[in-house]
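Me: I would like to go through some labels used for this structure and see what each one rests on. Please set the values against the cut-offs.

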Amino acid sequence: MEIKLRLESEKDHNVTENIMRESFWNHNQPGCDEHFILHQLRLTSSFIPELSWVAESGDQIVGSIVYSKGEVTNYNSEKFEILFLGPMGVLPEWKNQGIEEKLVDQTLKLAAEMRFSAVAAFGDLEFFSRFGFVNSNQYKIRAADDKKSHPLLIKDFSSDKLEKISGRFSLNPV
């Protein structure tokens with residue numbers, strides 16, 4: 001099985017939305033809304049198409065990852081833009097084959113090259129720690145909505161910028 005990564009094109013949108021639905025269906029709650037969130041996110045200015053990638057096996061798209069702009073608002077109401085990773089999904093029959101790791105690794109390298117200072121994600125710390133993510137509490141950054149089923153995680157590309165920021169992380173409200 002050879003997995004190739006490439007930039008997502010507009011013709012892939014329906015397929016990647018279906019991948020999100022299949023990947024998240026009944027995962028943390030009955031049903032899911034990640035596919036709808038992805039569809040709406042693409043219509044916003046916070047969506048970053050250069051970081052929207054797919055994984056293919058042959059002619060079949062088996063995974064997808066996207067990023068958008070988020071922000072941390074400190075206690076002085078100053079805003080600092082950072083990236084948000086997600087949603088990311090892989091078809092259930094292709095999970096646990098390293099596809100998620102390849103997508104994250106490739107896109108984090110690109111995000112660093114694009115000079116973003118940090119990236120946030122909601123997810124499993126055990127998985128994301130391999131890429132340098134830590135619990136956001138380490139930087140005194142909290143999610144605007146503390147009701148997520150997974151903790152907010154942060155990867156700092158700048159090595160010191162986040163040390164000077166604390167506050168609430170928020171996303172585009174799609």
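Reply: Buried means under 20% relative accessible area, exposed means over 50%, and partly exposed is in between. The model is predicted.

Me: Why is E17 called buried?

Reply: The relative accessible area of E17 is 12%. The cut-off for buried is under 20%, so E17 is buried.

Me: What makes E17 and R42 a salt bridge?

Reply: A salt bridge needs a side-chain nitrogen of Lys or Arg within 4 Å of a carboxyl oxygen of Asp or Glu. The closest N and O atoms of E17 and R42 are 2.7 Å apart, so the pair meets that limit.

Me: How do you know whether D12 is buried or exposed?

Reply: Its relative accessibility is 3%. Buried means under 20%, so D12 counts as buried. D12 is found in the loop between β1 (3-7) and α1 (13-24). Leaving out residues up to four places away in sequence, D12 touches R6, L7 and I61.

Me: What makes the pairing of the D12 and R6 side chains a polar contact?

Reply: The distance given for the two side chains is 2.7 Å.

Me: Why do K11 and D12 count as a salt bridge?

Reply: Their side chains meet at 3.8 Å, N to O. The limit is 4 Å, so the pair is a salt bridge. K11 is exposed because its relative accessibility is 69%, and the cut-off for exposed is over 50%. R6, K11, D12 and E56 are linked in a network of salt bridges.

Me: Which label do R21 and E22 get, and why?

Reply: R21 has 27% relative accessibility and counts as partly exposed. E22 has a relative accessible area of 40% and is also partly exposed. Partly exposed is the range between buried, under 20%, and exposed, over 50%, so both values fall there. R21 and E22 form a salt bridge, with the closest N and O atoms 3.9 Å apart.

Me: How many salt bridges does a search of the whole structure find?

Reply: The search finds 9 salt bridges.

Notes. Residues are numbered from 1 along each chain as its sequence is written. This is a predicted model: local features need pLDDT of at least 70, side-chain atom pairs count only at pLDDT 80 or more; totals for chains, interfaces and linings use all residues. Side-chain values use heavy atoms; hydrogens and water are left out. Helices (H or I, at least four residues) and strands (E, at least two) are DSSP runs, numbered from the N terminus. A polar contact is a pair of N or O atoms within 3.5 Å; within protein, one must be able to donate a hydrogen and the other to accept it, and residues adjacent in sequence count only if both atoms are side-chain atoms. Contact means heavy atoms within 4.5 Å. Buried means under 20% relative accessible area, exposed over 50%, partly exposed in between (1.4 Å probe, protein chains only).
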